[in-house]
Amino acid sequence: MRPDGRASGAIGAAGRPRTIAIDGPVASGKSSVGQGLAARLGYLVLDTGLLYRAAARLAIDAAIPLEDGARVAALVREAGIEVRQSAAGDGPIVLAGGCDVAPRLGTSEVDAGASIVSAQPEVRAALLDLQRRTARRGAVVMVGRDIGTVVLPDADLKLYLDASAEARARR
């Protein structure tokens, strides 16, 4: 049984949770903790911010205005974004249209674009489906905002991280 009294049918081998949700405010250490936990367990780590960066990259490449949530969401669905563990096990690969776009997500243009597309309800809905499909595969640590409440409310293990204002400012 889970601490909340529900059956623990989604607990995997060796009593490990199949889905782990890590939530918290900006700069609270979610990504660092998630990466470390996933590496230790041999799980895929999915920082949902990568998906918003991928959506921004796709929209920028297609010359679609980032504020046009409906068109960006349609593009996200058409691209068939997937997240997989790299063969080396050193992090996720983000595929869009079969191509790994992860190396093209670290630009300031994409960072700014991710903030814009993440505010679009249609894009959030399109990526929500992808996040949940990824979690259904199991053996995943999902990191981001609203993960434990919106994305994976029934995650086997939910963690909420916070940090002092001073620690967050240092990050």
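View 1. Helices (H or I, at least four residues) and strands (E, at least two) are DSSP runs, numbered from the N terminus. K30, G34, A38 and L41 are the buried residues of α1. Seen down the helix axis, the buried residues of α1 fall within an arc of 70°, so they line one face of the helix; the arc is that of the directions from the helix axis to the C-beta atoms. An α-helix has 3.6 residues a turn, so residues three or four places apart point the same way. On the other side of α1, S32, A39 and R40 are exposed. Here buried means under 20% relative accessible area, exposed means over 50%, and partly exposed lies in between (1.4 Å probe, protein chains only).

*Note on the model.* Residues are numbered from 1 along each chain as its sequence is written, and side-chain values use heavy atoms, with hydrogens and water left out. Because this is a predicted model, local features need pLDDT of at least 70 and side-chain atom pairs count only at pLDDT 80 or more, whereas totals for chains, interfaces and linings use all residues.

**View 2. The chain as a whole.** The chain has 7 helices and 7 strands. Along the sequence, these elements follow the pattern β-α-β-α-α-β-β-β-α-α-β-α-β-α. Of the 171 residues in the chain, 43% are buried.

**View 3. Strand β1 and its two partners.** In strand β1 (residues 19–23), 5 of the 5 residues are buried. T19, A21 and D23 point one way from β1, and I20 and I22 point the other way. In a regular strand the side chains alternate between the two faces of the sheet. β1 pairs with strand β6 (residues 140–143) in the parallel sense over 4 bridges, and I22 stands opposite V143 in β6. Strand β7 (residues 157–160) also runs parallel to β1, joined by 4 bridges, and D23 stands opposite Y160 in β7. Two strands pair if DSSP finds at least two bridges between them.

**View 4. The open sheet β3-β4-β5.** In this sheet, 3 strands lie in the order β3-β4-β5, with antiparallel pairing. Its edge strands, β3 (82–85) and β5 (99–100), each pair on one side only. Strand β4 (residues 92–96) is joined to β5 by 2 bridges, and L95 stands opposite D100 in β5.

**View 5. The largest pocket.** The largest pocket holds about 640 Å³ of space. Its lining has 25 residues, of which T48, G49, Y52, G144 and R145 lie nearest the centre. The elements that give two or more residues to this lining are α1 (30–41), α2 (48–61), α4 (108–118), α5 (121–136) and α6 (147–151). The largest share, 5 residues, comes from α5. A pocket is an open set of points on a 1 Å grid over the protein atoms alone, where a 1.4 Å probe fits, with protein on both sides within 12 Å along at least five of seven lines; lining residues have an atom within 4 Å of a point. Grid points are joined across faces, edges and corners, and the volume is the space filled by probe spheres set on the points.

**View 6. Residue I116.** I116 is found in helix α4. At 29% relative accessibility, I116 counts as partly exposed. The C-alpha atoms of I116 and R53 are separated by 9.9 Å, and the two residues are 63 residues apart along the chain.
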